[in-house]
Amino acid sequence: MKKIDVVLGLQWGDEGKGKVVDVLTPRYNVIARFQGGPNAGHSLHFNNKSYVLHTIPSGIFRDGTINVIGNGVVVDPVILAEEIHELEATGVDVLSKMIISKRAHLILPTHRMLDAASEAAKGAGKIGSTLKGIGPTYMDKTGRNGLRMGDVLSPAFLERYNALKAKHDEILRLQYNFEYDITEYEAKWMEGIELLKKFPIVDTEIEVNKYLTEDKPILAEGAQGSMLDVDFGTYPFVTSSNTLCSGVCTGLGVAPTRIGEVYGIFKAYCTRVGSGPFPTELFDETGEKLRQLGHEFGATTGRPRRCGWLDMVALKYAVMMNGVTSLIMMKSDILNDFDTIKVCVGYEVNGERIDYFPFEVADEVTPIYREFKGWNCDTTKMRTYDELPAEFKEYVEYIESETGVSIGIISLGPDREETIVR
């Protein structure tokens, strides 16, 4: 029986998963999203066009693929409908290539209001939410109040929707004293529901396991990054779902023994959006240079990303937690113009050096760096590992020796072709 391969980010999101899935998809019949919601922004660039996918799996551009929105995903019908319309306008037949889990939870317009009210109430302690209603939706899921995709097929759907909306309204008025108007968004939301009803809304866990018995190659696509995992990330500055490989089992309904290759994606440096610990963050011109060269602005929010050197402590932790079998290094070309490149090899906490990722990463964590000589040349046209300069290879081989995992793919630019597969 085939196993399900997994591709996920090893940092704080924005590692370049969209491009990698697009490079990998020719090998797979089925691409499945297993967690997260429209806070994801998977950027793909080919044929001189750029696309950003928020909910739809990145295999949608390939003919003959089945794209699964799994039960672990939370769905905003407005955003998903917009995404469908945009793809259809470019000639993509989404309807024939996508199925949606009955068990995927719905983001209500009032969930977005709860998100905004909660973030506003936190003041200086805000977590940097994308305000898409994702956290409150997962809270309703675990609180057993949620509305799911399968509910839209029930004659009692509107009754269930209104009951949950009334509950949210009470919280917004009494707890937050929050004024809002969802009339316009709610009308779009209901239109979105009608569009989604045209798609197969099915028991995707049955379908995915059936694909496995039929030996169909499946790729599970993660959103956000490992360091944003609700359990093992930099809590509370995390997302609301399990972004690690273990989330595939609960987010798609597959057994742990069905997991095959685990492709871990990381940038050659680090970025983070929103609040939260970031030990290697640079506040100087080097950080600004990384931001400008790397176009480090959120695909979903447009927010400037915080930038810093590669954090080997966090990377080794993510590799361990995910059981990564192959590493993929993105945006290596952004380091083409640096004389010196640094890598964080440990943390100093209260005068003591540690080389593991601690329970709490606070401001008093000081990164300990190792310096590498930069390669100072244009690598974007190189297509084989042998062509790369010696300094570049030294950087790659250091990461491999520290993590114990080989780097199978090196990305040297945003386009599909600007890739070295070893």
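## A friendly walk through a predicted model

Residues 24 or more positions apart make up 76% of the contacts in the protein chain that have a separation of 6 or more. The model is predicted, and the questions below go from the whole chain to single residues.

Biologist: What radius of gyration does the protein chain have, and what would a compact globule have?

Modeller: The C-alpha atoms fill a box of roughly 65 × 50 × 40 Å along the principal axes. With 422 residues, a compact globule would have a radius of gyration near 22 Å, and the value for the protein chain agrees with that: 21 Å.

Biologist: Thanks! How many helices and strands are there in the protein chain, and what percentage of its residues is buried?

Modeller: The protein chain has 11 helices and 20 strands. Its accessible surface comes to about 17,700 Å², with 50% of that belonging to carbon and sulfur atoms. Of the 422 residues, the buried share is 56%.

Biologist: Let's look at a pocket. Which helix supplies the largest share of the lining of the second largest pocket?

Modeller: This pocket holds about 290 Å³ of space and is lined by 16 residues. Two helices, α4 (134–142) and α8 (246–252), each supply at least two residues of the lining. The largest share, five residues, comes from α4.

Biologist: Which residue with a positive phi follows α4?

Modeller: Most residues other than glycine have a negative phi. After α4 comes a residue with a positive phi, near 60°: R144.

Biologist: Where does D14 lie, and what is its phi?

Modeller: D14 is in the loop between β1 and α1. At 24% relative accessibility, D14 counts as partly exposed. Although D14 is not a glycine, its phi is positive, about 60°.

Biologist: Q11 lies in the loop between β1 (4–9) and α1 (17–24). Is Q11 buried or exposed, and which residues does it touch?

Modeller: Q11 has a relative accessible area of 5%, so it is buried. Not counting residues up to four places away in sequence, Q11 touches G225, S226, M227, L228, F266, K267, Y269, C270 and L310.

Biologist: T204 lies in helix α7 (residues 204–213). Why does T204 count as buried, and what does it touch?

Modeller: Buried means under 20% relative accessible area. T204 is buried because its relative accessible area is 0%. Leaving out residues up to four places away in sequence, T204 touches V68, I69, G70, N71, I99, I100 and S101.

Biologist: What kind of peptide bond joins Y235 and P236?

Modeller: P236 lies in the loop between β10 (218–221) and α8. Most peptide bonds are trans. Between Y235 and P236, however, omega is about 5°, and the bond is cis.

Biologist: Where is N350 found, and is it buried or exposed?

Modeller: N350 is found in the loop between β16 (340–349) and β17 (352–354). Its phi is positive, near 50°, in a residue other than glycine. The relative accessibility of N350 is 71%, so N350 counts as exposed.

Biologist: Which residues is E364 in contact with, leaving aside its neighbours within four places in sequence?

Modeller: E364 is found in the loop between β17 and β18 (366–373). At 48% relative accessibility, E364 counts as partly exposed. Beyond its neighbours within four places in sequence, E364 is in contact with E348, V349 and N350.

Biologist: One last thing: what distance separates the C-alpha atoms of E364 and F338?

Modeller: E364 and F338 are 26 residues apart along the chain. The separation of their C-alpha atoms is 28 Å.

Notes
Residues are numbered from 1 along each chain as its sequence is written. This is a predicted model: local features need pLDDT of at least 70, side-chain atom pairs count only at pLDDT 80 or more; totals for chains, interfaces and linings use all residues. Side-chain values use heavy atoms; hydrogens and water are left out. On a 1 Å grid over the protein atoms alone, a cavity is a set of points where a 1.4 Å probe fits but cannot get out, and a pocket is an open set with protein on both sides within 12 Å along at least five of seven lines; lining residues have an atom within 4 Å of a point. Grid points are joined across faces, edges and corners, and a volume is the space filled by probe spheres set on the points. Helices (H or I, at least four residues) and strands (E, at least two) are DSSP runs, numbered from the N terminus. The radius of gyration is taken over C-alpha atoms; the globule rule is 2.2 Å times the number of residues to the power 0.38. Buried means under 20% relative accessible area, exposed over 50%, partly exposed in between (1.4 Å probe, protein chains only). Contact means heavy atoms within 4.5 Å. Accessible areas come from the Shrake-Rupley method with a 1.4 Å probe; for residues, only the protein chains shown count as cover.
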